[in-house]
Amino acid sequence: MRVRTASAITAIAAGAIAAGSLCAAPGRGGSDAAPLPHAGPSHAELFTAEGGPVAPGDPPPGVSGTAPGDCAVCHAEIAAEWASSAHARAWTDPIFQAEYGLTRQTFCRHCHAPLACDAPEPGPAASTVAVPTAAPDSDASPGASGGAHAARGIDCAVCHVRDGHVLGVRGGGGGEHAAQRDARLATTAFCARCHQFDFPRPGPGERVRYHPGRPLQNTVVEWSQSRYADRPCQECHMPRAGEAGGSHRSHAFRTLDDPALMARAVRVSGQARRRGGTVRVTVVIAPGEIGHAFPTGDMFRRVVLTVRAGAARRCEVLMRHFAQTITDDGSGHLLGQVDDTRVPPPGAGPPASLDFELVDPGATEVAWSIDLLRLSPEDALDRGFDAAAVERRVLSGRLAIER
Ligand code: HEC
Ligand code: HEC
Ligand code: HEC
Ligand code: HEC
Ligand code: HEC
């Protein structure tokens with residue numbers, strides 16, 4: 001089994017991440033910025049090297065505006081899917097807002113509010129907020145700090161409108177509005193702008209806590225190491241939806257609330273043997289139809305495997321572990337990844353194999369469960385969340401105890 005490190009040390013708020021004000025760089029974005037350059041039918045850059053800001057420009061001819069409500073008139077199903085997605089909540093998401101309340105970096109808005117990077121720093125965010133039961137309206141609803149543009153999160157315009165043109169994979173559009181063909185929308189590189197990035201380098205005078213230039217989210221590198229590196233992210237995360245004939249690629253980007261997707265994510269096998277009063281259990285978690293590590297994404301994500309025999313209970317946490325390590329120039333210590341106990345991407349390493357000893361003389365079977373947590377229970381409490389609201393059961397099962 002791989003080496004484990006104390007996990008208390010990992011319960012550190014991203015709060016200390018320092019970053020430069022790249023949004024403020026001249027000549028980028030903003031309503032009065034120069035139009036994005038063209039390269040034939042395609043735009044040279046859909047996103048700047050650092051992510052936002054994004055300037056969609058004027059409404060495309062035939063469309064009343066660039067807000068989701070303007071597109072929903074004709075794309076009702078897609079708009080409803082989008083409104084239920086994490087992309088729609090990228091700014092209003094209470095877990096993001098709680099973290100942003102502690103950090104407040106322009107850097108964060110590059111991806112969580114790419115339409116509003118250049119807006120003045122919004123007012124104080126609530127540090128204690130309730131997890132919502134419903135998604136916000138598809139229309140801009142300035143519920144959270146940052147105004148209407150920030151509240152739109154990652155909307156249709158962020159992904160599809162540049163310089164007053166609708167961009168689509170096919171091009172041509174439907175007569176209602178012409179669409180420019182942009183094949184990049186169908187590639188992993190399109191998602192990579194926001195789903196693969198490093199801890200930022202600090203601006204002048206800013207304190208740095210994490211090793212700059214090391215991955216904060218590593219999903220695309222994990223994908224490139226996986227057996228599914230020939231399948232773009234869209235193939236798993238934008239499945240076909242809607243009526244046959246009128247079907248389209250889903251924009252809901254569901255993960256934890258899609259039981260079918262979660263059930264395919266990992267394959268679990270195990271064995272339990274009795275030795276006197278002790279039950280020895282081995283659980284092996286192998287990656288299934290997943291294009292990266294399990295879990296992936298944000299540094300706070302973790303998976304908890306729990307095994308129970310009678311009254312005895314044990315658990316193990318699968319996550320990226322962070323601790324103080326020496327800087328490259330040897331001048332001090334910063335937080336950096338020291339261990340990774342997650343289930344590796346398929347084909348990129350041995351499956352996670354976990355051993356336990358449970359003391360219960362009477363038990364005849366072992367019950368196991370796997371939960372995915374958005375935050376550790378301590379971080380959840382710290383930020384005012386009910387721990388149950390940030391975790392989701394992925395799989396569970398039973399093993400007979402062999403004698
Ligand atoms: C996170 C980026 C993202 C957001 C936000 C987004 N889209 Fe898309 N959309 C895509 C990608 C990527 C594709 C192409 C997928 C493919 O074919 O590989 C697509 C495809 C489409 C298509 C073609 C659908 C088909 O399969 O026939 C339409 C229409 C569309 N989007 C409309 C919208 C509308 C309207 C909104 C807002 C309500 C929206 N999109 C928001 C990324 C996005
Ligand atoms: C007046 C109706 C109407 C409005 C408003 C509208 N669309 Fe469309 N759009 C269509 C039709 C019709 C098609 C072609 C059929 C399809 O792909 O759904 C289309 C196609 C698309 C495509 C696919 C193009 C391709 O080449 O793959 C995208 C992307 C798209 N629209 C995005 C948007 C976005 C973003 C908005 C809002 C800014 C919007 N549309 C507003 C009617 C509309
Ligand atoms: C402009 C930046 C941006 C782009 C482009 C983008 N995403 Fe995202 N995505 C985000 C952010 C930010 C979140 C998290 C929002 C939150 O919950 O706070 C997210 C959330 C998600 C989630 C949900 C994660 C969860 O924990 O449930 C999935 C899945 C996802 N994105 C896949 C994709 C794929 C696939 C693409 C390419 C088609 C893509 N994204 C393009 C920024 C982006
Ligand atoms: C072979 C299918 C497959 C491919 C390809 C794939 N994913 Fe996933 N992804 C999954 C499954 C299954 C889950 C649910 C398990 C989970 O939450 O980790 C998931 C979960 C996620 C999550 C939620 C984070 C988490 O672990 O809770 C994000 C974000 C994400 N994927 C982004 C991406 C991006 C970006 C790409 C492309 C680089 C991609 N995925 C490629 C199958 C895939
Ligand atoms: C380069 C793009 C990018 C930047 C910059 C960025 N994020 Fe994110 N963030 C994402 C993506 C993509 C996800 C979704 C990954 C996942 O679901 O695990 C995410 C997820 C999160 C989550 C988890 C949300 C949830 O519902 O669990 C938090 C919290 C968060 N980000 C906070 C921040 C803060 C604070 C900053 C600034 C210090 C920041 N992010 C900067 C792209 C970014």
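Which of the 24 residues around ligand 3 come nearest? In this predicted model, they are Asp93, Cys191, Cys194, Cys233 and Thr255. Two or more residues of the shell are given by each of helix 4 (106–112), helix 6 (156–160), helix 7 (188–195) and helix 9 (233–237). Helix 7 supplies the largest share, five residues. By class, the shell around ligand 3 comprises 14 nonpolar, seven polar and three charged residues.

Nonpolar side chains tend to be buried together in soluble globular proteins. In the present model, the largest nonpolar core contains 67 residues, and those with the most contacts inside it are Val281, Val283, Leu305, Val307 and Val366. Strand 17 (residues 365–373) contributes the largest share of this core, five residues. At least three residues of the core are drawn from each of domain 1 and domain 2. For valine 283, the contacts beyond its neighbours within four places in sequence are Val268, Gly270, Leu305, Val307, Leu354 and Trp368.

A polar position was also examined. Asparagine 218 is located in strand 7 (residues 215–218). This asparagine counts as buried because it has 22 C-beta neighbours inside 10 Å, the cut-off for a buried residue being 20 or more. Between asparagine 218 and threonine 296 the C-alpha to C-alpha distance is 7.5 Å, with a separation of 78 residues in sequence.

How values were computed
Residues numbered from 1 in each chain as written. Chains lettered and ligands numbered in written order. Predicted model: local features only at pLDDT ≥ 70, side-chain atom pairs only at ≥ 80, totals over all residues. Near = placed C-beta within 6 Å. Helix = DSSP H or I, 4+ residues; strand = E, 2+ residues; numbered from the N terminus. Buried ≥ 20, exposed ≤ 12 C-beta atoms within 10 Å, placed from the backbone. Core = buried A, V, L, I, M, F, W, Y, C linked by C-beta atoms within 7 Å. Domains from an automatic or database assignment. Contact = placed C-beta atoms within 7 Å.
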